[in-house]
Amino acid sequence: MKLSKKAGGVVVAGVLAATAALSASGATAQGARYRADLRPVPHAASADAGSNVTGTAIVSRVASRVSVRLNARGLTPGLPHAMHIHGELKARNECPPARADVNDQVSSTDPGTPDGLVSLGEGFPFYGPVQVSFTTSGDTSDASALALDRFPVAQADGDLSYERRIMVPHKIAAKTGKLHVVVHGVDLDGDGAYSNLQEATLPVACGELNHTP
């Protein structure tokens, strides 16, 4: 069968359009990769029991499918550590500076007497709410932000490794490059357990997620 020049042009145009569409979908399928360099939240050395948590978090996503790999060191051994992606989806986010410490209450940000610790509440205006929880099983939404029985436990040397593939709502996944990873938890009094909410929720490391090749 012979095609007219006009018909042939339509076929060629259709093939080119299909090729372009496949290329575009292939680029999307490749997704994006983000890295957060975790650095200690700036507590006063006299107040944080010598906490010095560092590490890296790699977040790879294809649409709403997200793969997380996080390695941290310097954590309190033998205790679970809540880890999240934090951030306001429509605002600028950052890791809290030392000046965030304005009060000695766990959740209050009202001016008072600083205690040398940047609490969960004091860090909130900087890194925003929990968007994703890095739990080891089950739910990974903000509803699991304090599910300590499902967060990874630091080894005897204070190291922690975490890997998991999860589904994240598209509106959150699409903003990954504007969000932060925050790690929580330190045994301030050295009794081998979290004695109160402050110890369990205290942010100890934070890092901005940046796009990386």
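Is Asp 37 buried, partly exposed or exposed? Asp 37 is partly exposed, because its relative accessible area is 31%, which falls between the 20% limit for buried and the 50% limit for exposed. The model you are looking at is predicted, so let us walk through it with that in mind. Its chain has 213 residues, and 44% of them count as buried.

**The overall plan**

- The chain contains four helices and nine strands.
- If you trace the chain from the N terminus, the elements come in the order α-β-β-β-β-α-β-β-α-β-α-β-β.
- Take the contacts between residues at least 6 apart in sequence: 66% of them join residues at least 24 apart.
- The chain exposes about 11000 Å², and carbon and sulfur atoms supply 55% of that area.

- Start with strand E7, residues 180-184, which is mostly covered: five of its five residues are buried.
- In a regular strand the side chains alternate between the two faces of the sheet.
- You can follow this in E7, where His 180, Val 182 and His 184 point one way, while Val 181 and Val 183 point the other way.
- Both of these groups in E7 are buried.
- Strand E4, residues 83-86, pairs with E7 in the antiparallel sense through four bridges.
- To find this pairing on screen, look for His 84, whose bridge partner in E7 is Val 182.
- E7 is also joined to strand E8, residues 203-208, by five bridges, and these two strands run antiparallel.

**Strand E6, with two contrasting faces**

- Which residues make up the covered face of strand E6, residues 160-167? They are Leu 160, Tyr 162, Arg 164 and Ile 166.
- The uncovered face of E6 carries Ser 161, Glu 163, Arg 165 and Met 167.
- E6 pairs with strand E3, residues 65-73, in the antiparallel sense over eight bridges.
- Within this pairing, Ser 67 stands opposite Arg 165 of E6.

- Thr 140 sits in the loop between strand E5 (130-133) and E6.
- Is Thr 140 buried or exposed? Thr 140 is buried, because its relative accessible area of 12% is under the 20% limit.
- Beyond its neighbours within four places in sequence, Thr 140 touches several residues, including Gln 131, Val 132, Arg 164 and Ile 166.
- Met 167 is also among the contacts of Thr 140. These two residues are 27 apart along the chain, and their C-alpha atoms are separated by 8.3 Å.

**The disulfide**

- The structure has one disulfide, and it joins Cys 95 to Cys 206 with an S to S distance of 2.0 Å.
- This pair links distant parts of the chain: Cys 95 is in the loop between E4 and helix H2, Cys 206 is in strand E8, and they are 111 residues apart.
- The torsion about the S-S bond is about -85 degrees, so this disulfide is left-handed.
- Cys 95 is partly exposed, with a relative accessible area of 27%, whereas Cys 206 is buried, with a value of 4%.

**Helix H2**

- Helix H2 spans residues 120-127, and its buried residues are Gly 121, Glu 122, Gly 123, Phe 126 and Tyr 127.
- An α-helix has 3.6 residues a turn, so residues three or four places apart point the same way.
- Just after H2 comes Gly 128, which takes a positive phi of about 75 degrees.

**Salt bridges**

- How many salt bridges does a search of the whole structure find? The search finds two.
- Side chains of opposite charge can pair when their charged atoms come close.
- Like Asp 37 at 31%, Arg 35 is partly exposed, with a relative accessible area of 36%.
- Another salt bridge brings together the side chains of Arg 92 and Glu 94, at 3.6 Å from N to O.
- Arg 92 is exposed, because its relative accessible area of 70% is over the 50% limit.
- Glu 94, at 29% relative accessibility, counts as partly exposed.

Notes
Residues are numbered from 1 along each chain as its sequence is written. This is a predicted model: local features need pLDDT of at least 70, side-chain atom pairs count only at pLDDT 80 or more; totals for chains, interfaces and linings use all residues. Side-chain values use heavy atoms; hydrogens and water are left out. Buried means under 20% relative accessible area, exposed over 50%, partly exposed in between (1.4 Å probe, protein chains only). Contact means heavy atoms within 4.5 Å. Accessible areas come from the Shrake-Rupley method with a 1.4 Å probe; for residues, only the protein chains shown count as cover. Two strands pair if DSSP finds at least two bridges between them. A disulfide is a pair of cysteine sulfur atoms within 2.5 Å. A salt bridge is a side-chain nitrogen of Lys or Arg within 4 Å of a carboxyl oxygen of Asp or Glu.
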